[in-house]
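Here's a quick briefing to read alongside the model.

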Amino acid sequence: MILKGDRLILGACYYPEHWPESMWREDLRRMLDTGIEVIRIAEFAWNKIEPREGVFDYSFFDRFLDMAEEEGMKVIFCTPTATPPAWLTEKYPEALNADIDGTLFYHGARRHYNYNSPIYRELSARITEKSASHYAPRPCVIGWQIDNEVNCETDFFYSESDHNAFRVFLQEKYGTLDELNRAWGTAFWNQTYTDWQEVHAPRKTYTNSTNPHEVLDYYRFISHSARSFVKLQSDIIAKYKKPGDFITTNGLFGHLDNHRMTAESLDFMTYDSYPNFAYSQELYAGDSDVMKDRKWSRNLSEVRSISPVFGIMEQQSGANGWNSRMEAPSPRPGQITLWTMQSIAHGADYVSYFRWRTCTMGTEIYWHGILDYSSRENRRLREVRDIHRKLQALGGLAGSRYQARVGMIRDYDNIWDAQLDIWHGRLERQSQKAFFEAAQLTHTPFDYVYLREDTTPEELAGYTVLFYPHAAILTEKQAKLLERYVENGGILVAGCRNGYKNIDGQCVRDELPGLLSGLTGTAVAEYTPIAPDTGAVFINWDGDRLPASEYVEELEAAPGARTAGVYEQDYYQGSGALIENRFGKGTAYYYGSAYTVDAVKTFLKKLGVASPWAGVVQAPQECELAVREKDGRQYLFLLNYSPKAVGAQLLRPGKNLYTGETVSGSLELGPYGTAVIELT
Ligand code: GAL
């Protein structure tokens with residue numbers, strides 16, 4: 001029933017093992033009465049199925065599922081591998097993850113296992129097989145969640161099994177030690193390997209400056225390990241699940257190619273959205289980002305790039321807090337609705353709240369759900385009830401797609417390279433943040449567009465403009481794909497630091513920007529990070545001034561290309577900062593700096609893609625604007641993230657889906673207010 005394109009559905013995370021059985025029925029009834037039609041269960045409850053090694057007892061969840069069936073509640077059942085039982089890790093400590101020094105992470109918290117331990121894989125496969133074969137036929141079970149938040153808590157693995165598996169991964173990848181030595185550039189600092197046993201996952205090194213090519217492969221290896229662990233389970237569930245039931249997991253976390261994981265193992269991705277982190281004690285004080293909870297739209301755009309229509313497996317419904325950290329206040333009145341609508345605006349057709357009732361024991365006693373410890377009726381429950389009422393009127397938009405004409409290209413090799421490389425990382429962080437903020441403030445919806453092995457020119461063709469800011473690593477295949485896109489009429493904005501690394505992360509000897517030289521008609525003559533004492537650097541682009549940031553490349557235009565912008569400061573004053581090159585039916589730009597918010601705004605405006613809905617709605621900056629479309633019908637979302645009421649102007653009439661009224665002209669959004677308008 002979820003994500004079938006016919007309606008929007010609410011759910012909740014429920015933990016039968018946390019409450020006396022005498023409370024179950026009342027909880028189920030009350031959830032259903034609130035509009036919660038689906039619950040997710042069992043992701044941390046291995047012991048409730050296999051209390052001792054090899055002893056299986058299904059009665060606990062059978063009793064619960066019987067009751068769910070009697071009451072008409074649908075269930076997402078989880079595999080419990082995120083929390084191995086004490087009996088398991090005590091007997092098989094090799095199942096545990098370790099820190100870089102090899103110290104094991106023991107039982108007592110969660111996600112303390114590793115993906116490569118043969119015995120953990122075997123026992124995980126067995127509990128998955130037992131759970132799926134027993135519970136999948138139940139009529140109330142509609143889908144499966146694998147594990148919980150793969151790569152959450154840590155995305156580093158250093159157990160003995162990981163060292164061994166890394167070696168195998170490299171043997172399969174490189175075949176010979178000579179090839180490995182070449183790819184890792186081991187001639188530098190005398191790192192040459194002469195026997196496979198000398199090769200390890202990164203270990204502690206002086207100054208934490210482990211060979212960068214090794215670290216890049218290690219991140220790829222973690223992704224490979226996590227994917228294969230998920231695939232192991234998904235292949236088993238697929239044998240038992242009823243036709244139409246789905247397999248998913250909840251993300252997104254680091255060192256993991258979520259796109260590939262979804263393509264090979266899942267029906268769609270779900271995401272856990274906790275925008276209240278923006279108001280946490282730890283983050284708020286040091287966070288100068290004006291986007292605050294609105295920043296979660298960045299994550300939601302990432303999920304959308306994996307599954308255009310997706311689910312939220314855990315949506316914020318209360319204050320944050322573990323007993324040891326992560327304190328944040330209760331959502332203010334309206335914020336649960338705002339954050340729910342934020343998810344829906346970006347493509348969520350299923351939203352499940354974490355959690356029905358706040359836990360009275362354990363680490364998460366302060367991580368609040370809809371209800372507090374007692375089951376007392378409260379403001380948050382009333383708000384969820386109201387959200388359910390609103391969603392009934394919004395059902396028609398289920399299955400619709402988020403609309404964007406601007407794309408930000410991303411790929412995992414560069415994401416991981418930017419994590420280990422200080423020059424690359426700084427540019428990437430700065431530009432991504434600026435891009436998101438500028439797109440939000442100018443109401444220019446955008447997509448993340450991931451380059452995968454099999455990305456086709458047609459997938460890119462839907463975008464008027466694509467940005468590919470700092471793709472250090474570039475392959476010939478990717479360069480050809482970008483050429484096709486521009487040749488066919490697209491506008492590509494590349495640079496700076498594009499194409500200076502190969503797939504191993506080694507710098508190329510080609511003249512920069514390497515594989516993009518022809519497409520962009522650009523030669524990089526000189527380059528430097530902006531010196532700390534230079535002050536502000538500006539670029540003059542045909543009379544418009546935009547601020548450079550972090551880095552300058554002095555650019556020269558090839559014959560036929562044009563220098564569209566020049567620097568105004570320091571010794572590079574007058575040198576090229578922006579090259580424009582007609583290529584086929586389109587245009588490629590090469591920009592020599594990182595982006596600021598103002599620079600992105602200038603690009604969006606001059607390339608004619610800023611504020612595409614300005615003729616339909618004039619929205620204040622405090623509001624996010626998003627549009628979903630289906631069968632020619634457009635649904636406009638306005639989300640006010642501020643505590644003040646704001647006004648928007650609808651320049652075209654539409655139907656306010658919350659009220660059913662036709663509206664045009666002034667539209668007021670209260671504090672944290674939202675509106676969904678079907679345009680007519
Ligand atoms: C999520 C996790 C949940 C719960 C929640 C609140 O990351 O999946 O199990 O821990 O955070 O901390």
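Domain 2 and domain 3 bury about 490 Å² between them, with carbon and sulfur atoms giving 49% of that area. On the domain 2 side, Q440, L441 and H443 lose the most area to domain 3, and together they make up 84% of what that side buries. Keep in mind that this is a predicted model.

**Between domain 2 and domain 3**
- The contact draws on 4 residues from domain 2 and 6 residues from domain 3.
- Sorted by class, the domain 2 side that touches domain 3 has 2 nonpolar and 2 polar residues, and no charged ones.
- The salt bridge count between domain 2 and domain 3 is 0.
- Polar contacts do turn up: 3 residue pairs link domain 2 and domain 3 this way, both partners at pLDDT 80 or more.

**How the chain is divided**
- Domain 1 comes in two stretches, 9-155 and 229-396.
- Domain 2 covers 406-606, and domain 3 covers 617-679.

**The sheet**
- There's an open sheet of 9 strands with parallel pairing, in the order β5-β4-β3-β2-β1-β9-β8-β7-β6.
- β5 (246-248) and β6 (250-251) sit at the edges with a single partner strand each, so one side of each has no neighbour in the sheet.
- β1 (residues 9-13) and β2 (residues 36-41) run parallel and are joined by 4 bridges.
- Within that pairing, L10 stands opposite I36 in β2.

Notes:
Residues are numbered from 1 along each chain as its sequence is written. This is a predicted model: local features need pLDDT of at least 70, side-chain atom pairs count only at pLDDT 80 or more; totals for chains, interfaces and linings use all residues. Side-chain values use heavy atoms; hydrogens and water are left out. Domain bounds come from an automatic or database domain assignment. Contact means heavy atoms within 4.5 Å. Buried area is the accessible area (1.4 Å probe) that two parts lose on being put together, summed over both. A salt bridge is a side-chain nitrogen of Lys or Arg within 4 Å of a carboxyl oxygen of Asp or Glu. A polar contact is a pair of N or O atoms within 3.5 Å; within protein, one must be able to donate a hydrogen and the other to accept it, and residues adjacent in sequence count only if both atoms are side-chain atoms. Ala, Val, Leu, Ile, Met, Phe, Trp, Tyr, Cys and Pro count as nonpolar, Asp, Glu, Lys and Arg as charged, and the others, Gly among them, as polar. Two strands pair if DSSP finds at least two bridges between them. Helices (H or I, at least four residues) and strands (E, at least two) are DSSP runs, numbered from the N terminus.
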